[in-house]
Every structure is written in structure tokens, then in C-alpha cells.
Amino acid sequence: MKQVALVTIHGMGETEPDYAATLFQTVQQGLVQPGQLYCGTVYYQDLLQYNEQRVWQATGFRLRWSKLRRFMLFGFADAAALEHRKEQPHSLYHYSQLKIARALYLAKQQLTADGKLVLLAHSLGCHVLSCYLWDAQQAKAGVKPAAGIWRDIKRYQAGISGDTALTDEDIAFLRGDRLTALITTGCNIPIFVAAHAIEQIVPFTKPRHDFIWHNYYDKDDVLGWPLADLSDSYAALVTDIEVNAAGGFFGWLAASWNPLSHNQYWREQSVIAALRRQLNIALQTPPVKP
């Protein structure tokens, strides 16, 4: 059994199921106890990609700026689809949350009874995960969410744990009771909340007293934003950290000034070092009550 689980969730655009494989190999180098780390992924692109491919084949190949157009089509179609009619029982919002819950359930099976959880989210995945945690914390507080699986989590047992009944301990883990750190990169939550009044821009409730949220952004990445300035409640919860996601002068020439920089964060050494640092803290810190 492992002491810590690292679970990732990818961002917008075309993504392969093994999107985090290189990151997992890299980040384990330098851990104090690499054998005590479980690595898992949330993969939701398969909910979206077929329809996006169909639209691209029908229209995109005839146009100029094909790489940029493809990036924009697949990225923003993801965002639009996940928000479309999300209150419906079989919405993509619902199924993306089911994917998160399933990945977290699998992680819990690999952990000791007091094992910790660290989440790493990128781009649109930050918004998807934030919505999941918002709904989970609402349910914990006795408020029925407007959408998603947390309206009645036990109803969706089959998609989360199969034939095994969800226990209260399972549900506590799924809602974040053992979540010690959230690391976000290239986060575009501001795009989703910018039209709201400031009093409505509120993050999810802190899931435990020792929880930290570090948000990494590149000022040249037009899709990645700081969060602490959104509202007082975001400022109280999130620490923003500026990085150069493309890395160095030649990286800037290739990517930093354009949308391609958006997908460079998990290759940036300062981000990898920070992730290692949080994992080492989790691996060495004695268990505490949520």
C-alpha cells in the first residue's frame, strides 16, 4: 500500500490517454520515498474527441492557420461541451465528474488508511476539477448541487466502484477529505467567471485545514491566469506563482509568445520541482485530522 496518491487531470484539446506518463517518470526522480507514491490519471477527452474530429474533417482542413485553428477548435469545443446543459442527467459535465470519482476511487484502493491525496490539474482540467470539488463540498454541507454526480453520489456507484458498495470512508475520500494539495497550471477559471459579479466569484470550500492550492501561470500564456485577484475568498485560498512555461530564450522563441506555451507547464523544471516538493512534504508529514 502507498502513502501518497498523485492524480492528474488534463486540459483542453487533443490528449492521449498516457498524457502524464513522462511527467510521472520525471517527478519520481528525487522523491524521498518513490516507492510510496501511486500515480493515476483522469482522462475525459474520449467523451469529446469523436465529435470534434468530425467537425474538423468537415471544415478545418480547407482553412489557413490549420494548427492554430485545430488548437482553438478542440480546446474551446471541450469547454463549451462540458458546460452545455450540465444540469441534464447524462450531460458531459456529469460524465466528466464520474471520470474523476472513478480515478479517485482507484487511487484510494492503493493507499494506506491514512494515505494522502495530491491533485495536479492543467488548463480546462482546473475548471472541471474545481466544479467537482465545489459540488462535493456543497454536498458535504448538506446542499444539493445543481448538477453532477454529487446530487446523489451513491446512485452512481456502478460507474465509480463497480459492484462494490461505496462506504462512508470512500465518499469522504472522493470529496477531498484527504486532499492535502492542489496544483494547477495554465488555469483558465477566470474565463468562466469573468461575467459574474464579484460576490459570486467564490471558490470551493477548503476541504481540510492543511490544504494548499498553488496556481502556476505564465504571463505570456493567454489561456493561463492568476486566481488570487479574482476575489477575497480566492485570495485566501490560492497562492499564485509566476513561471516561464516555455523555459529559456529558445523556448520563448518557439512557444512562450503563442498558444503553444499553454501546453509546456509540465515540462518546466520549476513546476516539476514544486510538485516534487509537495509530494515529499506529503510523504514525510505525519497524518493529521481533516
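**Buried cysteines, aromatic pairs and a helix contact**

Cys131 is buried, with a relative accessible area of 12%. This value, like the others reported here, comes from a predicted model. Cys187 is buried as well, and its relative accessible area is 0%. Both values fall under the 20% cut-off for a buried residue.

How many disulfides does the structure contain? The count is zero. Cys187 shows how the rule applies. The cysteine sulfur nearest to that of Cys187 belongs to Cys126, and it lies 4.0 Å away. A disulfide requires two cysteine sulfur atoms within 2.5 Å, so Cys187 is in no disulfide.

The protein chain has 290 residues, and buried residues make up 51% of them. Its secondary structure consists of 11 helices and six strands. Contacts were also sorted by separation in sequence. Among contacts between residues at least 6 apart, 78% join residues at least 24 apart.

Aromatic rings were examined next. The whole structure holds five aromatic pairs. One of them joins Tyr132 and Trp150. Where do the two partners sit in the chain? Tyr132 is in helix 5, which spans residues 124–140. Trp150 lies in the loop between helix 5 and helix 6, the latter covering residues 157–161. Tyr132 and Trp150 are both buried. Elsewhere, Phe204, Phe211, Trp213 and Tyr234 form one aromatic cluster.

Helix 1 covers residues 21–28, and helix 11 covers residues 269–284. The two helices pack at an angle of about 65°. Their axes are 9 Å apart. Helix 1 passes helix 11 in a right-handed crossing. Which residues make this contact? Helix 1 contributes Leu23, Thr26 and Val27. Helix 11 contributes Ile272, Leu275, Arg276 and Leu279. By residue class, the contact of helix 1 with helix 11 comprises five nonpolar residues, one polar residue and one charged residue. Thr26 counts as the polar residue and Arg276 as the charged one.

Technical notes
Residues numbered from 1 in each chain as written. Predicted model: local features only at pLDDT ≥ 70, side-chain atom pairs only at ≥ 80, totals over all residues. Heavy atoms only, no water. Axes fitted to C-alpha atoms, helices over the stretch in contact; angles between N-to-C directions. Helix = DSSP H or I, 4+ residues; strand = E, 2+ residues; numbered from the N terminus. Left-handed = near helix turned anticlockwise from the far one by under 90°. Contact = heavy atoms within 4.5 Å. Buried < 20%, exposed > 50% of the residue type's maximum accessible area, 1.4 Å probe, protein only. Phe/Tyr/Trp six-rings, centres within 6.5 Å; stacked < 30°, edge-to-face > 60°.
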